[in-house]
Amino acid sequence: MSELRAATRQSTARTGLVEFDGPRGTVSIPCTIADVSGTGARLKLDWSLAFPKEATLIFADGLRKTCRVVWQKRRLLGVAFADGVASLDEQALMMTEEEQVLHRRHIGAQVRAAREARGYTESQMANLIGLPPGDLSRAERGEISIPLHQLTHMADLLLVDLDSLVAGPASIESPPLGDAELAAG
């Protein structure tokens, strides 16, 4: 089932707080940030309760994002960032290093599978999207990220939608990461 949203969510399992003004002052409720994107998040709460239309999501590292509640279903809450798309620095803080490494590996595997399915070599695809030689190979291994404008161009060339490259079904099993891999991510 395809959901409509402004940006693709990335799975995470970080803890945070939802803060809002209540009748007796500021209310802070612990939550699990289940998914996050540049435009919002899906939160799991410890209990069901009515929420105001606007609240502040506080990530464990202190990042604060004012959010509008888009939907609520029992203990699940969908929020959109009130100030628009999060900056790249903010987005990096929203996922752990390990989650970022796994995300890069996942995208790389999706890109490789789509490229091979269409019969392009790494060299041909890199040339078509304007990546330096060797960078596509490194991106497919998850060592570096492919800029969004190049991923969009690649999706067009491979006749797939962008979501299938960045959030399609997992095509690889990710081995556990060691400390050296996390440090290099």
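The model is predicted, with local features requiring pLDDT of at least 70 and side-chain atom pairs counting only at pLDDT 80 or more, while totals for chains, interfaces and linings use all residues. Residues are numbered from 1 along each chain as its sequence is written, and side-chain values use heavy atoms, with hydrogens and water left out.

A search of the whole structure finds one cavity of 30 Å³ or more, and the largest cavity has a volume of about 30 Å³. Here a cavity is a set of points, on a 1 Å grid over the protein atoms alone, where a 1.4 Å probe fits but cannot get out, and its lining residues have an atom within 4 Å of a point; grid points are joined across faces, edges and corners, and the volume is the space filled by probe spheres set on the points. The lining consists of V18, L43, A55, T56, L57, C67, V69, L77 and V79. Two or more of the lining residues come from each of β4 (54-59), β5 (64-73) and β6, with β4 giving the most, three residues. Strands are DSSP runs of E of at least two residues and helices are runs of H or I of at least four, numbered from the N terminus.

L77, one of the lining residues, is found in strand β6 (residues 76-81). Its contacts (heavy atoms within 4.5 Å) include L43, V69 and W71, not counting residues up to four places away in sequence. L77 and L43 are 34 residues apart in sequence, yet their C-alpha atoms are 5.0 Å apart in space.

**Accessibility compared**

Relative accessible area under 20% is called buried, over 50% exposed, and in between partly exposed (1.4 Å probe, protein chains only).

| Residue | Relative accessible area | Class |
|---|---|---|
| L77 | 1% | buried |
| S137 | 17% | buried |
| L159 | 62% | exposed |
| R74 | 63% | exposed |

**Loops and helices**

R74, in the loop between β5 and β6, has a positive phi near 50 degrees although it is a residue other than glycine. L159, likewise not a glycine, has a positive phi of about 60 degrees and lies in the loop between α5 (148-158) and α6 (162-166).

Helix α2 (residues 97-118) has 22 residues and reaches 32 Å from its first C-alpha to its last, close to the 32 Å expected at 1.5 Å a residue, where the expected span is 1.5 Å times one less than the number of residues. Just after α2, G119 takes a positive phi of about 80 degrees. S137 lies in helix α4 (residues 135-140).

Terms used. 1 Å grid on protein atoms, 1.4 Å probe; cavity = no way out; pocket = protein on both sides within 12 Å on 5 of 7 lines; lining within 4 Å.
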